[in-house]
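This report describes selected local features of one structural model. Please consult the sequence and the structure shown below while reading.

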Amino acid sequence: YSSPVLLRQTSSHKRHVYRSGTGRQHFLILIYKISFTLSLTRNRGTQFFMLGPNVESIPKGVEEKYRCYFYPTNYTTVVAEHRKVPDAQDEWGRLITLCRELKDPTLIFCRSPKRVNEVAHRLLEEGVGHEVPGMAGAQEWAAHTYHPEWVWGRTLGKGIGIHHGRLPRALAQFTVRMFNELKLGFLICTSTLIEGVNTKAKNVVIFDNQIAREQIDFFTFNNIKGRSGRMFEHFVGHVYLFADPPQETLPFVDFPIFSQDESIPDSLLLHIDTKDLRPSARERMHKWSDQHVLPIEILRENATIEPQGQMDLAEHIAAESRLASKLLAWQQNPSYEQLVYACKLIWEYLLDAKRSKGGVVSYKQLAYKIWQLRDFRPAADRVQEELTAGKYAAKSPDEAVERVLQFERTWAGFEFPRYLMALSRIQAHVLKSWGLRFGDFGHFASEVECLFQNPVVAALDEYGIPTQLAGRIKGLLGTESDLDVALENLKKVNLKKVKLDSFERELLTDAQKAL
């Protein structure tokens with residue numbers, strides 16, 4: 001990291017170490033985590049050490065209150081040289097010309113997954129890159145698992161990789177490994193690769209100065225350029241700029257637990273001990289502690305969901321309690337009608353209107369896509385359906401594949417289980433108070449989170465094994481629920497006796513080496 005920041009508490013208890021992501025969104029999430037950490041350390045006297053890049057200052061009074069000190073430094077392990085790309089051509093001409101000149105491993109930063117795909121297709125069309133032997137297996141696997149025209153597979157044979165947040169983790173890990181083994185000369189990425197992933201890139205091309213639609217600030221810019229060079233690999237990195245860098249101002253890091261100003265959401269204040277609340281914040285909390293619609297414990301359990309939406313949902317369920325009981329009193333798996341009703345309540349009351357909906361446009365579509373997963377529809381079939389969905393059809397195979405991947409990663413793997421459990425707690429409290437039957441959605445939430453695979457199969461994606469492959473070898477792992485046992489058994493598998501294609505064998509071999 002460039003310009004790390006240390007927060008260290010001067011007591012003799014156990015030390016905890018945290019590393020921050022470097023994207024702006026992850027940076028804000030980090031600040032919330034720091035707030036909870038400070039609350040714990042104050043109450044328990046725990047020693048802490050925090051390291052994060054590119055921060056200029058913290059609120060006055062934090063060091064005294066938490067017996068810690070803030071230590072900023074400009075030390076870097078490599079030198080990053082800025083080079084403005086001449087603007088004699090349009091942006092595509094400039095990019096192609098530059099890429100043809102670069103010989104060392106190069107990251108190309110883009111603002112979005114869609115832009116990553118555009119850059120990848122341009123490089124292919126212009127003949128940038130080189131033939132890479134040994135990639136045919138990965139390309140064939142991507143073709144039959146998702147779609148023959150999916151850009152991730154097509155680019156590998158030309159020494160070009162792509163990396164963004166919609167990729168399955170196993171495929172993202174494979175791409176980075178190929179880049180670090182110098183089999184790929186270019187790695188086109190979004191901010192997901194900038195957030196703390198080490199590579200052997202000597203060059204970083206900042207093709208866009210945005211993330212989504214927001215201009216990158218100096219904090220984010222520093223972390224993007226910090227991917228150029230690597231200690232003991234390239235002590236001087238080159239950063240190629242297509243736009244002027246942002247103004248050189250580093251952020252002031254506000255700790256919500258300390259400042260508690262009006263911008264801090266109530267969902268965060270709910271998690272702060274009453275004795276740690278300032279008078280103005282304590283006054284705000286009376287609204288939630290003094291009401292009788294939902295216990296404050298439920299509001300706290302449903303972390304990050306604004307309490308007003310939870311209250312409105314509880315009142316809605318109470319207003320139509322008979323219908324709600326009929327459609328919510330399920331324990332294991334819902335009927336389709338029950339699933340649609342649950343999605344409707346989630347969509348209308350719990351979702352933040354300002355947040356991205358992750359490619360889902362309605363509660364009915366959310367329910368339908370969850371049902372598709374439940375029916376174990378192969379990814380290739382779901383991709384094909386996205387391409388033939390009438391007026392809502394994807395415009396290209398890339399878009400179709402990424403709709404499927406984004407839904408699995410964003411909705412199934414995180415958002416839906418979280419919202420469903422919030423709904424479960426709320427309806428149970430309300431319907432029980434009315435003396436009506438209520439449901440428990442924990443089992444189904446867990447099923448969706450694991451993409452209706454057993455938990456071990458789902459977890460192996462983190463170890464570089466795609467769920468499609470993990471599902472095929474689960475019989476060799478000897479367990480349905482214990483990941484540690486499964487990993488021990490995986491290390492012992494004789495891959496020569498398992499029927500695998502070349503890409504699958506490579507992934508499993510690499511996973512065994514890493515265990």
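Predicted model: local features only at pLDDT ≥ 70, side-chain atom pairs only at ≥ 80, totals over all residues.

Residues are numbered from 1 along each chain as its sequence is written, and side-chain values use heavy atoms, with hydrogens and water left out.

Helices (H or I, at least four residues) and strands (E, at least two) are DSSP runs, numbered from the N terminus. Axes are lines fitted to C-alpha atoms, for helices over the stretch in contact, and angles run from 0 to 180 degrees between N-to-C directions.

Helix α17 (residues 363–374) and helix α18 (residues 379–387) have axes that come within 11 Å and cross at roughly 150°. The pair is therefore roughly antiparallel; angles under 35 degrees count as roughly parallel, over 145 as roughly antiparallel, 65 to 115 as roughly perpendicular and the rest as oblique. The crossing of α17 and α18 is right-handed, a term that applies if the near helix is turned clockwise from the far one by less than a right angle. On the α17 side, Tyr 368, Lys 369, Gln 372 and Leu 373 meet Arg 382, Glu 385 and Glu 386 of α18, where contact means heavy atoms within 4.5 Å. The residues of this contact comprise two nonpolar, one polar and four charged. Here Ala, Val, Leu, Ile, Met, Phe, Trp, Tyr, Cys and Pro count as nonpolar, Asp, Glu, Lys and Arg as charged, and the others, Gly among them, as polar.

Helix α17 also packs against helix α19 (residues 397–433), at an angle of about 100° and with the axes 12 Å apart. This makes α17 roughly perpendicular to α19. Leu 366, Lys 369, Ile 370 and Leu 373 of α17 meet Phe 407, Glu 408, Trp 411, Ala 412 and Phe 416 of α19. The residues of the contact between α17 and α19 divide into seven nonpolar, no polar and two charged.

**Burial and individual residues**

Buried means under 20% relative accessible area, exposed over 50%, and partly exposed in between (1.4 Å probe, protein chains only). Helix α9 (residues 218–225) is mostly covered, with eight of its eight residues buried; among them are Phe 218, Asn 222 and Lys 225.

| Residue | Relative accessible area | Class |
|---|---|---|
| Ser 289 | 41% | partly exposed |
| Thr 467 | 18% | buried |
| Leu 182 | 55% | exposed |
| Phe 452 | 7% | buried |

Ser 289 belongs to helix α12 (residues 279–289). The side chain of Ser 289 makes a polar contact with the side chain of Asp 290 (3.4 Å); such a contact is a pair of N or O atoms within 3.5 Å, where within protein one must be able to donate a hydrogen and the other to accept it, and residues adjacent in sequence count only if both atoms are side-chain atoms. Thr 467 is part of helix α22 (residues 467–477). Apart from its neighbours within four places in sequence, Thr 467 contacts Val 457 and Ala 458.

**Backbone geometry**

Most residues other than glycine have a negative phi. Leu 182, in the loop between α7 (169–180) and β8 (186–189), has a positive phi near 65°. Phe 452, in the loop between α20 (442–449) and α21 (455–459), has a positive phi of about 60°.
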